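Let's walk through this protein one piece at a time. Keep the 3D view open and find each residue as it comes up.

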Amino acid sequence: MKRSLFLVALLLILALVLSACGRRTTPTPPPLSGDLPANAMAVAQERGLTPDDIYAAMKTYTPSGKHDDYYIFASGGHSGNLIVIGIPSMRILKNVAVFTPESWQGYGYGERGIEEMLDAGNVGDVKLRMGDTHHPALSETNGDYDGQFVFINDKANARVAVIDLRDFETKQIVKDPNLISNHGSTFVTPNTEYVIQGSQYATPLGWEYAPISEYEEKYRGLITLWAFDREKGRIDLEQSFSIEVPPYWQDLCDAGKLASDGWGFCNSFNTEMYTGGLLQGNPPFEAGVSQSDMDYLHIFNWKKAAQVAAAGKVEMINGMRVIRMPTAVAEGVLYLAPEPKSPHGADVTPDGKYVVVAGKLDPHITIYAVDKIEKAIADQNWELDPFGVPVLDYDAVKHAQIELGLGPLHSIFDNQGFGYTSLFLDSAVAKWTVGGDDPAAWTLVEKLPVQYNIGHLTAAEGDTVSPDGQYLLVLNKWSVDRFLPVGPLLPQNLQLVDISNGNFQVIYDMPMGIGEPHNAQIIKADKINAWTAYPQIGWDPLTQAPSPYATQLGEERIERDGNKVEVFMTSIRSRLTPDHIELKKGDHVTWHITNVETAHDAVHGFQMGGQNVSLSIEPGETVSFEFVAEADGTYPFYCTEFCAALHLEMMGYTFVEP
Ligand code: CUK
Ligand code: CUA
């Protein structure tokens with residue numbers, strides 16, 4: 001008997017070993033050679049595919065179960081969220097809730113902590129529950145993405161959010177107390193010391209009232225440096241500060257790196273300080289802000305600014321340290337340089353030696369050399385603007401110009417020494433050489449038509465010190481006739497471009513029907529180490545620490561103290577314990593739920609009719625919500641994730657006795 005048991009065990013082990021070996025040694029099919037298989041050829045013919053189409057399909061088709069090589073983090077525009085996509089498949093992986101409530105993730109529907117986080121941006125009594133995300137910025141170490149955090153701005157309300165890439169969830173929202181809109185945000189310094197935020201439409205600081213006639217005197221812009229505490233994973237408000245800048249409508253910013261480490265750059269497009277007034281017979285803003293041939297690139301030294309702020313040479317305005325303009329000038333923190341006509345993007349080359357500025361109304365990009373900027377500063381080769389800020393001599397700092405086409409907006413880089421610039425009016429991407437010291441070596445190589453009206457473009461790690469090349473993503477504003485009609489509101493069209501091995505070809509069209517992505521960043525997938533479950537049962541993702549309300553199996557209970565009721569619940573397939581919650585009308589209820597599972601993907605949700613509550617409770621997570629039982633009645637609650645065969649049974653009742 002013993003012996004036969006032993007034999008069975010031996011056979012089992014043998015079978016396990018064999019099957020494991022089998023998995024490891026599955027023969028890879030021989031590489032395809034010659035023509036396509038007959039059935040594939042038939043499909044290609046039937047669908048009228050060209051060789052380019054077949055190439056594109058082969059580059060992007062991702063077999064079932066196979067992971068992508070890169071993550072895209074794309075802003076969701078005025079959906080207020082952040083969208084995560086895979087490359088090359090272009091499959092949407094997640095829509096991360098940031099400034100806007102999202103009920104699948106249980107974001108902004110009752111969960112304690114999230115409501116307070118969203119409230120952090122409130123303006124007076126107005127609860128902000130929308131946003132306009134523009135520029136995601138991955139955290140960097142030595143100028144390279146490190147895969148730890150991503151930041152994103154809310155243009156509409158001058159807010160910045162921090163998202164932790166261990167769980168892809170928003171952890172913090174900060175509001176600039178002196179601005180009501182931002183735009184040149186977010187851009188990180190090379191070691192994520194600061195998250196740069198530039199303002200856009202000038203207002204008096206703190207958006208106080210001042211008639212437009214007092215524009216030059218009272219309206220201002222700000223460049224805010226949000227200090228990031230990497231250990232805590234939070235922006236440190238105490239260490240953050242702003243630099244006051246003229247009311248020139250600052251636009252896109254970028255941080256210097258390597259050769260330009262310590263510097264930051266922001267465009268502007270209303271140096272005219274035009275103030276509108278259509279009904280008074282004045283020209284429209286679009287004409288008024290485009291009168292001059294030149295606007296100003298703002299050049300600021302954030303390292304110096306941090307010293308100035310640390311030395312206390314600041315004014316506290318609405319609780320924020322602000323370096324006033326005269327101080328910024330006196331301390332060598334702020335300079336300007338002329339830049340051609342209504343610039344939009346300012347992008348630093350991977351070596352940090354050059355800043356590429358694209359003028360919306362100029363067919364050129366203008367390249368500034370950082371060493372020339374530093375020399376002009378040392379030589380005091382400048383004139384002063386009306387606010388006393390030095391304007392560096394244009395010819396002294398301009399390094400090169402390349403004529404690219406109509407409506408240049410943004411630029412990005414590959415690993416082969418090429419830059420790429422979006423041409424909004426041409427609906428094209430221009431590829432050009434990053435020339436180096438010789439200004440004549442900066443030249444246009446070729447243009448690729450895209451559909452249609454491209455805004456930003458981004459490339460794999462293309463704004464770091466070491467771009468990957470391989471893929472370029474173009475974010476087109478209009479899609480017009482490219483997809484099946486869906487009514488008058490159309491999706492944006494993201495197009496993936498193959499730039500590997502000298503290729504320059506669109507290989508995928510991806511309609512994005514959940515927002516208007518402005519910008520995106522692309523990171524190598526293996527740099528991100530996302531958790532599959534929270535580190536221990538009873539985890540609070542908002543503090544990234546164990547929750548004081550963690551409830552283990554067997555500890556479930558309901559505590560009552562007068563009209564205060566506290567529920568400690570667990571969720572596990574396929575049961576919510578306790579399942580009867582007996583309340584009296586008017587009770588104040590605090591309810592904690594711990595998902596006691598550790599299995600990958602064993603998520604439970606929670607909704608209860610009539611209470612506007614929606615929670616997502618991921619493996620190990622503890623969530624809390626509160627409500628006052630205002631309306632008597634009988635309210636079923638249930639798990640919202642189809643988690644098991646008996647998921648429908650994963651429910652309970654709340655009774656509110658009159
Ligand atoms: S902006 Cu949208 S296309 Cu906000 Cu960066 Cu240029
Ligand atoms: Cu848990 Cu369905």
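Lys59 is partly exposed, with a relative accessible area of 24%; buried means under 20%, exposed over 50%, and partly exposed in between (1.4 Å probe, protein chains only). This is a predicted model, where local features need pLDDT of at least 70 and side-chain atom pairs count only at pLDDT 80 or more, while totals for chains, interfaces and linings use all residues. Residues are numbered from 1 along each chain as its sequence is written, and side-chain values use heavy atoms, leaving out hydrogens and water.

Now, who does Lys59 pair up with? Its partner is Asp498, in a salt bridge with the closest N and O atoms 3.9 Å apart. (A salt bridge is a side-chain nitrogen of Lys or Arg within 4 Å of a carboxyl oxygen of Asp or Glu.) Lys59 sits in helix 3 and Asp498 in strand 31, so the pair ties together parts that are 439 residues apart in sequence. Helices (H or I, at least four residues) and strands (E, at least two) are DSSP runs, numbered from the N terminus. Asp498 counts as buried, because its relative accessibility is 0%.

Another salt bridge joins Glu626 and Arg112 (3.0 Å, N to O). That one links distant parts of the chain, 514 residues apart. Glu626 is partly exposed at 39%, and Arg112 is partly exposed at 26%. In contrast, Arg159 and Asp154 form a salt bridge at 2.8 Å between the closest N and O atoms, and both of these residues are buried.

Finally, look for a network of salt bridges: it links Glu115, Asp119, Lys127 and Arg129.

Notes: Chains are lettered from A and ligands numbered from 1 in the order in which they are written.
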